[in-house]
Amino acid sequence: MAMENSTFIIEDSDINLLKELVRPYLTDKRYKHTLAVADEVVRLGVIYMPDRVKELTVAALLHDITKRADLEKQLHYCEIFGIINIAHQNISPEVLHSKTGAALAARDFKKFANEDILDAIRYHTTGRDGMTVFETLVYLADYIEPTRTHASCISTRNKFYDRLSAGENKMIVLYDTMIEVLGGTIRYLTEKNAFIDADTINAEQYFSCLKLEASELKCEESNE
C-alpha cells in the first residue's frame, strides 16, 4: 500500500492481507461480524462514496480490534495510549473499545490507517457532533450488517434499503436512519440507567439539524 497526495491507494491484495492480520485480534464470532460489516460498508459505499469503498472496508475490518478486551485491559490501553481520564463509574467497555481500537490501529496497522479511517473507528460506537459521511457509513454498517438478528437492527436495515429502493433522497434517508439508531440507543441506555456518552447525544442532535436543513432545502427547490 502506498500513499500519494495524502490519499491511500488500496489494492484488493491489501484488503485480503488485512483480513488475515486482524483475525488474531478477534474471537471467531467477532471475526464473522467484522467480515459482515466490511461487506455491508461496501454496499453502502457504492451508494454514498463510491470512490472510497476500499478505505471504508479497511475501517470496517479494524473497527473492533479491541472489542474482546475486558475493562481492565481497556483501562490499560487508555493508560499506555493516554486516551482518557474519567471517573470509573462513567467507564463502559462498550464505549472504550472504539477509543482504544483507534489508538491500537494507529500503532499496529499504521500502513492501513489514515485520519478518516481512525476517526471512523473512534466514533463507530458513540457517533459525534459533525460526524462525516465516511464515519457514518462505518457506524451504520456495524448496526445493520446481516448477521445482526436483533429486531431493531433488522427493521432499520429493511426500512433503510426499502426507502432507497423507492427513490427517496439518499441523504435524508441516511439522516433519518441515524436519528432513529442514535435515538434508540439513548432510550435503551436511559431505561437501563446506564452511562450515555455525550458524543451520542450530540450526534443525534447533529443529524436532526442536518435532516431539517436538507428538508428545508428540498422544499425551497420544489417551490422554485
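Which residue has its charged end over the ring of Tyr161? That's Arg43, sitting 3.6 Å from the ring centre (a charge counts as over a ring if NZ of Lys or CZ of Arg is within 6 Å of the centre and within 35 degrees of the ring normal). Keep in mind that this is a predicted model, where local features need pLDDT of at least 70, side-chain atom pairs count only at pLDDT 80 or more, and totals for chains, interfaces and linings use all residues. Residues are numbered from 1 along each chain as its sequence is written, and side-chain values use heavy atoms, leaving out hydrogens and water.

**Aromatic rings**
- Counting ring centres of Phe, Tyr and Trp (its six-membered ring) within 6.5 Å as pairs, there are 6 aromatic pairs.
- One of them joins Tyr206 and Phe207, 5.3 Å between centres with planes at 70 degrees, so the pair is edge-to-face (over 60 degrees; under 30 is stacked, the rest tilted).
- Phe207 counts as buried because its relative accessibility is 1% (buried is under 20%, exposed over 50%, partly exposed in between, with a 1.4 Å probe and protein chains only).
- Tyr161 shows up again in an aromatic cluster with Tyr48 and Phe160.

**Helix α7**
- Helix α7 covers residues 133–144, and 10 of its 12 residues are buried.
- Among the buried ones are Phe134, Leu137, Tyr139 and Ile144.

**Helices α8 and α9**
- The axes of α8 (residues 151–165) and α9 (residues 170–191) come within 10 Å and cross at roughly 165 degrees.
- α8 and α9 are therefore roughly antiparallel (over 145 degrees).

Key
Helices (H or I, at least four residues) and strands (E, at least two) are DSSP runs, numbered from the N terminus. The expected span of a helix is 1.5 Å times one less than its number of residues. Axes are lines fitted to C-alpha atoms, for helices over the stretch in contact, and angles run from 0 to 180 degrees between N-to-C directions. Angles under 35 degrees count as roughly parallel, over 145 as roughly antiparallel, 65 to 115 as roughly perpendicular and the rest as oblique.
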